[in-house]
Amino acid sequence: GVSPAEELAQGVTFGDASKVVKQNTAYYMTVFRYMKQTRRNKFSVCAFFFSGPWMLYRKMYKAGAVVTLLVFGLYLTFQCLLAFVSVPAFLQAVEALGLDQTASLSYSSPEFALVVQYMVQNTALYIQAVCPLFCLVPLLVVMIVAGVKGNKWYMEHCVRTVRMVKASRLLWLSERLCEIFRTGNGAGMRL
């Protein structure tokens with residue numbers, strides 16, 4: 001395990017960081033120590049598959065909201081392009097070949113092979129058919145970046161949070177001490 005007294009960053013111990021992490025501390029403290037010792041990121045499978053929601057769950061609200069909205073926007077764009085561009089292009093190719101539009105086409109059927117061949121020969125139809133896939137490229141980039149950088153971002157978030165909490169405690173304490181010195185009387189004051 002990781003010693004709670006061991007320093008994660010200047011002024012922040014692993015014990016401090018574990019209070020921020022709360023859930024799954026054994027995993028994250030081990031990952032944080034690995035990253036501190038090797039100065040290398042450790043891939044996060046959860047951040048890869050659930051980028052935005054993972055960030056929100058880990059209380060990285062700003063980044064989580066941005067990533068969630070970005071992924072949702074890409075997904076919505078993918079669905080719209082699929083429904084309003086790709087499927088009509090596919091149906092246009094089926095109609096041009098004189099095939100029955102109501103019949104189902106399996107990927108292994110000869111009719112499907114004919115439709116694909118027709119679309120490849122007709123560049124405009126082919127581009128329309130594959131354009132939804134262009135939304136998947138940035139989606140995959142977001143997922144890979146979140147998977148590769150997620151644990152590092154989370155460690156930095158934990159360190160920042162601990163430092164903010166410690167700074168606010170010091171501010172509170174200094175305000176109380178100033179009040180004691182100003183009034184000349186500490187009786188009844190709680191520290």
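This is a predicted model: local features need pLDDT of at least 70, side-chain atom pairs count only at pLDDT 80 or more; totals for chains, interfaces and linings use all residues.

Start by selecting α1, residues 14–21, together with helix α8, residues 133–183. Two packed helices are described by the angle between their axes and the distance between the axes. Here the angle is about 100° and the axes lie 9 Å apart. Angles of 65 to 115 degrees count as roughly perpendicular, so α1 is roughly perpendicular to α8.

Now show the side chains where they meet. On α1, pick Asp 16, Ala 17, Val 20 and Val 21. Facing them on α8 are Tyr 154, Cys 158, Thr 161, Val 162 and Lys 166. What kinds of residue make up this contact of α1 with α8? Color them by type and you'll find 6 nonpolar, 1 polar and 2 charged.

Next, go to the loop between α1 and α2 (25–38) and click on Asn 24. Most residues other than glycine have a negative phi. Asn 24 isn't a glycine, yet its phi is positive, at about 65°.

For the last stop, follow the chain to the loop between α2 and α3 (45–49), and select Arg 39. Arg 39 also has a positive phi, about 55°, without being a glycine. Is Arg 39 buried or exposed? Exposed means over 50% relative accessible area, and Arg 39 has 77%, so it counts as exposed.

Methods: Residues are numbered from 1 along each chain as its sequence is written. Side-chain values use heavy atoms; hydrogens and water are left out. Helices (H or I, at least four residues) and strands (E, at least two) are DSSP runs, numbered from the N terminus. Buried means under 20% relative accessible area, exposed over 50%, partly exposed in between (1.4 Å probe, protein chains only). Axes are lines fitted to C-alpha atoms, for helices over the stretch in contact, and angles run from 0 to 180 degrees between N-to-C directions. Angles under 35 degrees count as roughly parallel, over 145 as roughly antiparallel, 65 to 115 as roughly perpendicular and the rest as oblique. Contact means heavy atoms within 4.5 Å. Ala, Val, Leu, Ile, Met, Phe, Trp, Tyr, Cys and Pro count as nonpolar, Asp, Glu, Lys and Arg as charged, and the others, Gly among them, as polar.
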